[in-house]
Amino acid sequence: DTTSETTSADGILSDKEIIRKVSPAVVGVECYSFGNSFTPTNSGSGIIMTADGYIVTNAHVVEDAVGITVLLENGDAYTATLIGSDTDTDLAVLKIDANNLTYAEFGNSDALERGDRVIAIGNPGGTVLAGSTTGGMVSGLNRKNIGSSSPYSTSYIQVDAAINPGNSGGALVNAYGQVIGINSAKIAEEDYEGIGFAIPINEALPIIQELMEYGHVTGRAALGVQGYMINEAVASMRRLPVGFGIEYVDPSSDLASKNVVAGDIITQINGIDITSSEVLTNEIASHSPGDTVTLTIYRSRSGDGRSFEVSVTLIESTGD
């Protein structure tokens, strides 16, 4: 029998062969939070990348976790350490203390075409349905701005294989048994069926390398503030200008030395009106750490406000 059970001459595997090859490299990820150390508060999937226990998953799977357990296909459980996480691209790297693990072979996601056969492997709904596999085809490529307005977010592979909560961080595999995407159920479209998304492995690998080496993605600029957007409706009601309201200034940032404090509003950056938070983040993203930007700051004092300009050197983002 040379039909479904054996590898074809061009290396294409049967579905059964793909599942046998890749499933041992797909793990369950269970996360525990403060106040609940007995049952997982979030769960997902992960992909073993190295024999010594480096695992990639989605950042949203491990967000706010104080404890992480990784479950192998054979039932073995390990405590995992979070090496690094990047919310902009929704990628995170874990490490378990293990050796001789079966790890995934990565393929070339740039070679994908619509209509290519793919299989998704993961744990939809947690460990009860561990190792579930669904199949389908590549429905679309280079899908942008799906579930994220970050200037650093990746494009996505669109597939019609079922990808459900718990599949997040699992493997999207091509016909050769190579991982070509990391599934992300966070960006699944509600009320739609047959539309799933995965992060292309070619876009993910440089981020993964940075997380493994530095714990965060290097070279991204940051202002060093946290806050909220004051839109036109709120501005009109509160008699304030439209802009980004500052709640917190990082004491290690250059901005902290410029007499800018919580309660101030950034109304312009480099002369550009801040009409949305994306305007601010996109302008900062177009610069590098060490570059200088000019901010227009509005300070309200009992309804009588004033504006002033400050020149600020951008710091490096650590992804926090």
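## Barrel and strand pairing

In this predicted model, V173 has V179 of strand 11 as its bridge partner. The two strands concerned, strand 10 (residues 171–173) and strand 11 (residues 179–183), pair in the antiparallel sense over three bridges. Strands of a sheet pair through backbone hydrogen bonds, in either a parallel or an antiparallel arrangement.

Both strands belong to a closed barrel of six strands, which runs 7-8-9-12-11-10 with antiparallel pairing. On average, and with direction ignored, neighbouring strands of this sheet are turned by 45° against each other. Helix 1 (residues 15–22) packs on the sheet, where it touches strand 7 (117–122), strand 8 (132–143), strand 10 and strand 11, and its direction makes about 40° with that of strand 7.

## Q158 in strand 9

Q158 lies in strand 9, which covers residues 156–159. Is Q158 buried or exposed? Because its relative accessible area is 13%, which falls under the 20% limit, Q158 counts as buried. Leaving aside neighbours within four places in sequence, Q158 is in contact with M137, V138, S139, G140 and R143, and also with I195, G196 and F197.

## Nonpolar cores

The largest nonpolar core holds 42 residues, of which V22, V29, V62, V70, L94, I96 and I182 touch the most other members. Apart from neighbours within four places in sequence, the contacts of I182 include I47, V56, N58 and L91, as well as G169, G170, A198, I199, I201, A204 and I208. A second, separate core has 19 residues, among them V249, I269, I297 and F308. In soluble globular proteins, nonpolar side chains tend to be buried together.

Key. Residues numbered from 1 in each chain as written. Predicted model: local features only at pLDDT ≥ 70, side-chain atom pairs only at ≥ 80, totals over all residues. Heavy atoms only, no water. Core = buried A, V, L, I, M, F, W, Y, C linked by side-chain atoms within 4.5 Å. Buried < 20%, exposed > 50% of the residue type's maximum accessible area, 1.4 Å probe, protein only. Contact = heavy atoms within 4.5 Å. Helix = DSSP H or I, 4+ residues; strand = E, 2+ residues; numbered from the N terminus. Pairing = 2+ DSSP bridges. Axes fitted to C-alpha atoms, helices over the stretch in contact; angles between N-to-C directions.
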